[in-house]
Amino acid sequence: MSKQTLSFQAEVAQLLHLVTHSLYSNQEIFLRELVSNASDACDKLRFEALNNNALYEDAPNLEVRVTFDKAAKTLTITDNGIGMSEQEAIDHLGTIAKSGTKDFMGKLSGDQKQDAQLIGQFGVGFYSGFIVADKITVESRRAGLKPEEGVRWTSGGSGDFEVETITRPARGTSVILHLRDDAEEYLNAWKLKQVIAKYSDHISLPILMEKEEWKDGELITPGDENGGRQPGGMVKTGEWETINKASALWTRPKKDITDEQYAEFYKTISHDHEAPLTWAHNRVEGNTEYTQLLYIPAKAPFDLWNRDKKAGVKLYVKRVFIMDDAEALMPSYLRFVKGVIDSADLPLNVSRELLQESRDVRAIREGSTKRVLSMLEDLAKHDKHDTTANADGVTDVVDADDKAKEGKYTAFYAEFGAVLKEGLGEDFGNRERLAKLLRFASTTSDTASVGFADYKARMKEGQEAIYYITADTLAAAKNSPQLEVFKKKGIEVLLMTDRVDEWALNYLHEFDGTPLQSVAKGAVDLGKLQDEAEKKAAEEAAEAFKPVLAKLKEALKDKAEDVRVTTRLVDSPACLVVQDDGMSTQLARMLKQAGQQAPETKPVLEVNAEHALVKKLDGSVHFHDLAHILFDQALLAEGGLPEDPAAYVRRVNALLV
Ligand code: ADP
Ligand code: MG
């Protein structure tokens with residue numbers, strides 16, 4: 001096939017523009033990305049070769065070579081991994097296959113600094129080469145194809161790229177960067193070694209560079225970077241040396257790994273440009289033995305809510321990459337966790353499908369889930385340290401390690417709390433541990449900082465339930481009429497405003513023996529919190545109101561399941577509640593918005609017999625209109641819309657006139 005010119009997918013062209021215009025502040029990451037691609041390519045070869053040993057051809061030692069040519073101003077990264085066919089080069093280097101790409105592009109604001117951060121999270125991968133190069137040539141031949149079936153891909157990084165067929169005896173890929181003038185510092189072995197040590201030391205593959213030595217040099221001023229030698233400069237010797245440690249980071253003993261190395265490794269596997277919040281590195285012994293290195297990110301990725309995204313935790317068997325099927329290794333509610341699991345017990349030559357079913361993989365998943373929960377528990381425990389002496393005169397002992405954990409759980413929760421809640425419905429085995437990790441706003445705190453245990457410790461004498469309310473926003477929750485009596489009596493109510501709360505709470509009925517009670521479900525039963533006089537007054541009011549109640553029920557029979565007198569209201573005339581076993585009106589509304597079937601249940605209208613408007617009902621000539629207004633307003637107050645808004649307006653206007 002002769003040369004053909006093709007256009008980049010629109011998203012790629014857009015991304016390239018951004019890469020070259022906003023990422024130059026962190027130029028050197030291009031090397032990490034290209035080395036990481038080389039390493040992925042070798043992982044892929046190793047995996048495919050499990051069933052087809054011939055793919056190794058005559059080069060069984062997988063490696064990456066980094067070379068540069070000062071005269072031509074090129075820097076080349078070569079691997080002998082899986083390589084690409086012509087079609088693969090077109091597909092992989094001309095489009096972005098990542099899910100959520102469109103979404104991501106939509107989020108870009110045009111503000112360079114902000115966008116640079118977002119792009120960092122998204123991971124520019126191969127295209128980061130254009131930060132330092134104004135032209136990139138890729139030459140590749142896929143393992144298993146003939147030498148004449150090689151491909152050359154070339155692009156200047158704007159709208160299009162060229163591909164042509166070439167002959168390439170060596171399997172694998174060379175990425176040749178034609179460096180911009182302002183990136184010539186990468187034509188220096190010392191600089192390259194430094195950057196590779198920083199970003200790629202943990203890559204298990206050897207990274208090789210050709211040794212150099214001084215030519216006709218004379219030491220003038222020892223100590224500076226070039227040793228002050230003149231004038232022939234450095235020349236290549238034809239000898240190659242391995243410049244990284246070339247042992248996978250997770251296989252090294254903990255004590256030999258610095259925090260910076262852990263953080264750099266995290267950045268490579270996560271494409272996150274920020275350091276992780278915390279991590280755990282362990283060898284797990286037992287029936288299934290494996291090493292786990294699990295990270296909790298500091299910031300949520302842009303596609304956190306895309307439940308079918310791949311990523312997260314990678315499974316290796318004896319250092320061979322097997323799969324990164326998120327669900328098989330981590331439950332979906334922990335999809336933000338990144339890391340590596342390496343097991344020596346799993347068979348290497350088994351299909352990914354079979355592995356997912358394997359008992360060992362399930363044991364690994366369970367063990368890793370528990371590990372993440374303990375990491376979170378540890379952060380939660382150290383989120384706030386009590387530096388005042390407690391009742392028995394003891395002050396918490398807080399060492400430097402503990403101190404470093406302060407505030408981390410709050411930070412974690414702000415990013416991932418809503419995802420964690422999905423676990424209540426997903427992971428029954430760990431439900432109690434999860435419940436302890438949840439935090440909510442409440443009538444005493446506007447931020448999500450109240451745990452069920454804190455709440456219980458503050459419960460009033462005689463209080464028998466943990467009260468909560470769900471609403472669309474914090475303001476709606478705080479001003480809900482259903483809270484009135486709780487406010488009056490000074491009883492704390494948890495305010496739940498995440499979309500997932502309603503659903504998640506379906507799976508949690510009690511905490512540590514205390515039932516959870518929605519203040520918008522069923523009749524309020526304040527139990528022992530109400531004194532005898534209050535109870536009696538309420539009963540009398542209900543009795544006196546009976547005839548009006550009967551008329552109200554009749555007038556609203558199409559809208560309300562029931563109408564009853566309530567003591568939960570103080571300032572409002574009426575509110576809607578659902579039957580004890582019913583679906584909340586909020587959830588039903590959410591389901592409908594999402595185009596799903598919601599069971600048609602009618603709410604119960606509760607009225608405040610003490611309210612002036614309610615008192616007016618008795619004998620009013622406008623009884624019918626007032627009854628409907630009462631109902632529709634109760635609906636409005638909780639964020640709903642009257643079924644017939646025009647009728648509502650007509651009724652109110654008639655009364656106003
Ligand atoms: P990612 O690595 O996240 O998939 P990149 O932009 O870094 O994204 O790379 C895009 C794709 O190009 C890779 O998924 C791979 O298919 C292909 N690719 C890049 N570099 C190489 C390489 N050195 N060898 C083989 N394929 C490569
Ligand atoms: Mg990549």
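I counted 38 salt bridges in this predicted model, taking a salt bridge as a side-chain nitrogen of Lys or Arg within 4 Å of a carboxyl oxygen of Asp or Glu. Because the model is predicted, local features need pLDDT of at least 70 and side-chain atom pairs count only at pLDDT 80 or more, while totals for chains, interfaces and linings use all residues. Side-chain values use heavy atoms, with hydrogens and water left out.

**Entry: one salt bridge**

I looked up the pair Asp498 and Lys421, whose closest N and O atoms are 2.7 Å apart. Helices (H or I, at least four residues) and strands (E, at least two) are DSSP runs numbered from the N terminus.

**Entry: domains**

I noted four domains: domain 1 (3-217 + 230-242), domain 2 (249-381), domain 3 (419-528) and domain 4 (532-656). Their bounds come from an automatic or database domain assignment.

**Entry: domain 3 against domain 4**

I found the centres of domain 3 and domain 4, taken over C-alpha atoms, to be 24 Å apart. In contact (heavy atoms within 4.5 Å) are 19 residues of domain 3 and 26 residues of domain 4. The two domains bury about 1,900 Å² between them, 47% of it on carbon and sulfur atoms; this is the accessible area (1.4 Å probe) lost on putting the parts together, summed over both. I recorded 0 salt bridges between domain 3 and domain 4. On the domain 3 side, helix H17 (residues 484-489) gives the largest share, 4 residues.

**Entry: ligand 1**

I listed the residues near ligand 1 (a heavy atom within 4 Å), among them Asn37, Lys44, Met84, Phe126 and His271. I then looked up individual distances. A polar side-chain atom of Asp79 is 2.9 Å from a nitrogen atom of ligand 1. For His92, a side-chain N or O atom lies 3.0 Å from an oxygen atom of the ligand. For Thr173, a side-chain N or O atom is 3.3 Å from a ligand nitrogen atom.

Terms used
Residues are numbered from 1 along each chain as its sequence is written. Chains are lettered from A and ligands numbered from 1 in the order in which they are written. A polar contact is a pair of N or O atoms within 3.5 Å; within protein, one must be able to donate a hydrogen and the other to accept it, and residues adjacent in sequence count only if both atoms are side-chain atoms.
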